[in-house]
Amino acid sequence: MKQYIMALDQGTTSSRTIIFDGDGTAVGTAQQEFTQYYPNPGWVEHDAMEIWQSQLTVAREAVEKAGIEASQIAAIGITNQRETTIVWNRHTGEPVYKAIVWQCRRTAEMVDDFDEEFSRYIKKTTGLVPDAYFSASKVKWILDNVAGAREMAQAGDLLFGTVDTWLIWNLTGGRVFVTDYTNASRTMMFDIHKRCWDHHILEVLDIPECMLPKVCPSSFVYGETDEKIFGAPVKIAGAAGDQQAALFGQCCFEPGDVKNTYGTGCFLLMNTGRRAVESNHGLVTTIAASCSDDVEYALEGSVFVAGASIQWLRDSMKMIDSAPASEALARQVEDTDGVYIVPAFTGLGAPYWNPYARGLVVGLTRGSENTHFVRATLESIAYQTYDVLKAMEKDMGMCLKSLKVDGGAAANRLLMQFQADILRTDVLKPEYLETTALGAAYLAGLAVGYWQSKEEIRTNWKLRTTYHPQMDKELAEHKLKGWARAVKCALMWAQEE
Ligand code: ADP
């Protein structure tokens, strides 16, 4: 009987399952959205039970759609929204509070209050810039605010997990309590150099270590599913946070390999091999999906508003009917005629890290039209990507070889060509763009010998399009100078109020 790999892709807005064959071709897919809770301004929560139930439903549905038996699933790989925090009772399996989602800002003040020494310690140890995004302050918030939670945690009755841990625990009927290095590296409690939970951080935040999962490689047989789930036990053999899974799914296995996912925001990750490179340019250091305890590292930078600016053109500016329509409109003009848009709607992320930046449009003249406006918005996605990539190059002391791309907005050919033009580097788009799920499948498949090696996997990566730089170098530099001036205007705007 032919064998397959199942990828559970647990995202921020939906749970998805994709079943892959040996070529990396999807043979069955199912997806289900779940509820987003916004109980207070800036707060975001999910129902952990709904995450689990929706993931289970789509897993069973995908098996049915693929027309296969559980015994044909060689292994399951999991990829998940990162940093989202779940605390549950180990005896009943009941969460003590809703899942606090990575986007949730409720602990921003708590993190602002960390003294300088502790912040420096966190950066050095965890590779992260202290922020409310990461799990640590969310766990502390639950222990501080849910009645009796800290006492129960100290008594060993509560467990903490990111979504991978929660799914594995439920899939195994509560028998296996683990996470992988990539997810651990986003908790802000994990020493990425020594590869263990950091006692000092746990002590300062008053988080008992007994509630933390065991940390294992991303490609590793963690356990088997409870027989009741699929009718036969299936090995769970891969786990990685979504961006690290995408880096793996793009076959960025060598130091210097980079991928950019153009979604709502942009997520750029560069493989840095066995070196944990500390950034001097506003990036974070994180653990990449690796097949052993000898982990590899990555530099990561995110752009907050990328594809979201195209949604803004559609929904708020009413300049386009659909996101893909941005391309035809932008093509009506040769350039933006000196117009720049900086979509710093919620401040600027890497490499600027300025919460006081706000969006702006500059360079308008009497001749400016909607076409220029749309084109300038698309170009802003490429400029922001450029800024992060230059920061990566500086940290690594090297030049980018090429950029692999995926995500919804990578479908925009004008954007991809412009990206190649200003980077002066080839932009490579693969045939198959669901690289996150594919990465999780690869990790699981490697652990059980479904695929023998990374080299074998690499042959699955099929190029769809290469965008070569075409723009004159001087012109590209001229445009980049204009962008840098526009960003300068956007920075600190709100602080001067
Ligand atoms: P996410 O996973 O963050 O929801 P996706 O990878 O599904 O994002 O991509 C969706 C984003 O890409 C949306 O913000 C949308 O505006 C943008 N997008 C989709 N198609 C295009 C296109 N052809 N041109 C520009 N932007 C696009």
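**Fold and packing of the predicted chain**

The chain contains 17 helices and 23 strands, where helices (H or I, at least four residues) and strands (E, at least two) are DSSP runs numbered from the N terminus. The radius of gyration is 22 Å, close to the 23 Å that the globule rule gives for 497 residues, so the chain is as compact as a globular protein of that length; the radius is taken over C-alpha atoms, and the rule is 2.2 Å times the number of residues to the power 0.38. The model is predicted: local features need pLDDT of at least 70 and side-chain atom pairs count only at pLDDT 80 or more, whereas totals for chains, interfaces and linings use all residues. Residues are numbered from 1 along each chain as its sequence is written, and side-chain values use heavy atoms, with hydrogens and water left out.

Along the principal axes, the C-alpha atoms fill a box of roughly 70 × 55 × 40 Å. Of the 497 residues, 60% count as buried, that is, under 20% relative accessible area, with exposed meaning over 50% and partly exposed in between (1.4 Å probe, protein chains only). Among contacts (heavy atoms within 4.5 Å) between residues at least 6 apart in sequence, 72% join residues at least 24 apart.

An open sheet of seven strands has the order E17-E18-E16-E15-E21-E22-E23, with mixed pairing; two strands pair if DSSP finds at least two bridges between them. Its edge strands, each pairing on one side only, are E17 (284-288) and E23 (463-467). From one strand to the next, the twist averages 30°. Helix H14 (residues 413-423) packs on this sheet and touches E15 (258-262), E21 (402-406), E22 and E23, its direction making about 50° with that of E23; axes are lines fitted to C-alpha atoms, for helices over the stretch in contact, and angles run from 0 to 180 degrees between N-to-C directions.

Several pairings within the sheet can be described individually. E15 and E16 form a hairpin with three residues between them, and the two strands run antiparallel, joined by five bridges. Tyrosine 262 has cysteine 266 of E16 as its bridge partner. Strand E16 (residues 266-273) is mostly covered, seven of its eight residues being buried. Seven bridges join E16 to the antiparallel strand E18 (residues 296-303), with asparagine 271 opposite alanine 298 in E18. Strand E22 (residues 426-430) is likewise antiparallel to E23, through four bridges, and proline 430 stands opposite leucine 463 in E23.

Helix packing was examined for H10 (residues 242-249) and H15 (residues 435-447), whose axes lie 7 Å apart at an angle of about 75°. That angle makes H10 roughly perpendicular to H15, the class assigned from 65 to 115 degrees; angles under 35 count as roughly parallel, over 145 as roughly antiparallel and the rest as oblique. The contact involves Asp242, Ala245, Ala246, Phe248 and Gly249 of H10, together with Thr435, Thr436, Leu438, Gly439, Ala440, Tyr442, Leu443 and Leu446 of H15.

In helix H3 (residues 116-126), phenylalanine 118 is buried, with a relative accessible area of 7%. Leaving aside neighbours within four places in sequence, phenylalanine 118 is in contact with His200, Ile201, Val204 and Leu205. Phenylalanine 118 and proline 130, 12 residues apart in sequence, are 9.3 Å apart in space, C-alpha to C-alpha.
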